[in-house]
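Subject: Handing over a structure

Hi,

Here is the structure I promised to pass on to you. Please open it next to this message, and then read on for what turned up in it.

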Amino acid sequence: MARSGTVFTSALEGTNHVKSETGEMLTKPFLDVCKHLLPVLDKFGAAFAPVKSDIGNNISRLDSKYSSNPSEFNLLYSLVQVEIEAKNAKSSSSCTNALLWLTRAMDYLVELFRNLHDNPDWPMSKACSEAYGKTLKKWHNWLASSSFSVGIKLAPDRKKFMDILGGETPDLNSDIGKFCTNFSPLLQENHKFLDSVGMDNVKA
């Protein structure tokens, strides 16, 4: 019987198309992978509503700029380079800022799903808090950190969450593992580029 796919199938397939034949990051395919994760975030319910909203807003800002001139902004980092040249990359409403926080949010999700994949005995709260401590926490101010901690407490329990995703099946676990393995290096490339232009250490 053929696999029907999991909630991660589209995102996983999308990671194969993020780079051009010459190895450069492409804007639309990268944003599409991020968009594919939004329905997964819905499964967390109200707990992750602020995270989903933040991710959605950053995707929209980058998508809007890309759509204004798809040929000029075909490559993801061109969105940043044009702002570096205009000296407005540090603006809170810049595409540079959107890419930075989108990448950080994706770091968190990859770490969260890696925790669920690698530690079948961990409750959801531990998977979430450990992921947060490794990724977003150091960039958040006290207010953001506090609200995030409240959200973690509202997360559904692990079994309920996995059941909503279709059950903790071999197919789902396989797709989660592959997605984390494939997407993580792409996020690291974003950080490397942002660091090269002095924009990887901005705090909330």
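**The chain as a whole**

Please keep in mind that this is a predicted model. The chain has 10 helices and zero strands, so if you follow the definition of helices and strands used here, the pattern along the sequence reads α-α-α-α-α-α-α-α-α-α. The radius of gyration is 17 Å, close to the 17 Å that the globule rule gives for 204 residues, so the chain is as compact as a globular protein of that length. Along its principal axes, the C-alpha trace spans about 50 × 45 × 25 Å. Of the 204 residues, 48% count as buried.

Rolling a probe the size of a water molecule over the atoms shows where empty space is left. The largest pocket holds about 380 Å³ of space. Its lining is made up of 20 residues, and P50, V51, D54, H140 and F148 are the ones that lie nearest the centre. Helix α4 gives the most, with six residues. Sorted by class, the lining of the largest pocket has 12 nonpolar, six polar and two charged residues.

The second largest pocket has a volume of about 200 Å³. Here 14 residues form the lining, and D107, K134, T135, Q188 and H191 lie nearest the centre. The elements that give two or more residues to this lining are α6 and α10 (170–196), and α6 gives the most, with five residues. Which classes of residue line the second largest pocket? The lining divides into three nonpolar, four polar and seven charged residues.

**Aromatic rings**

A pair of aromatic rings is described by the distance of the centres and the angle of the planes. A search of the whole structure finds 12 aromatic pairs, and two of them are worth a look on your screen.

Start with Y77 and F193. Their ring centres are 4.1 Å apart and their planes are at 5°, under the 30 degrees that count as stacked, so this pair is stacked. Y77 lies in the loop between α4 and α5 (78–86), while F193 is in helix α10, so the pair ties together parts that are 116 residues apart in sequence. Are these two residues buried or exposed? Y77 has a relative accessible area of 15% and is therefore buried, and F193, with 12%, is buried too.

Next, look at Y132 and F148. This aromatic pair is also stacked, with 4.3 Å from centre to centre and 10° between the planes. Y132 sits in helix α7 (residues 124–134) and F148 in helix α8, 16 residues apart, and the pair links distant parts of the chain. Y132 counts as buried at 4% relative accessibility, and F148 counts as buried at 13%.

The charged end of R104 sits over the ring of W101, 4.6 Å from the ring centre. That charged end also sits over the ring of W139, 4.0 Å from the ring centre.

**Two single residues**

S60 lies in helix α4. With a relative accessible area of 45%, S60 is partly exposed. S60 and L31 are 29 residues apart in sequence, and their C-alpha atoms are 9.1 Å apart in space.

K87 has its place in the loop between α5 and α6.

Phi of K87 is near 60°, a positive value in a residue other than glycine. K87 counts as exposed, at 77% relative accessibility.

Happy viewing, and do write back with any questions.

Best wishes

Conventions:
Residues numbered from 1 in each chain as written. Predicted model: local features only at pLDDT ≥ 70, side-chain atom pairs only at ≥ 80, totals over all residues. Heavy atoms only, no water. 1 Å grid on protein atoms, 1.4 Å probe; cavity = no way out; pocket = protein on both sides within 12 Å on 5 of 7 lines; lining within 4 Å. Points joined across faces, edges and corners; volume = space filled by probe spheres on them. Helix = DSSP H or I, 4+ residues; strand = E, 2+ residues; numbered from the N terminus. Nonpolar A, V, L, I, M, F, W, Y, C, P; charged D, E, K, R; others polar. Phe/Tyr/Trp six-rings, centres within 6.5 Å; stacked < 30°, edge-to-face > 60°. Buried < 20%, exposed > 50% of the residue type's maximum accessible area, 1.4 Å probe, protein only. Lys NZ or Arg CZ within 6 Å of the ring centre and 35° of its normal. Rg over C-alpha atoms; globule rule 2.2 N^0.38 Å.
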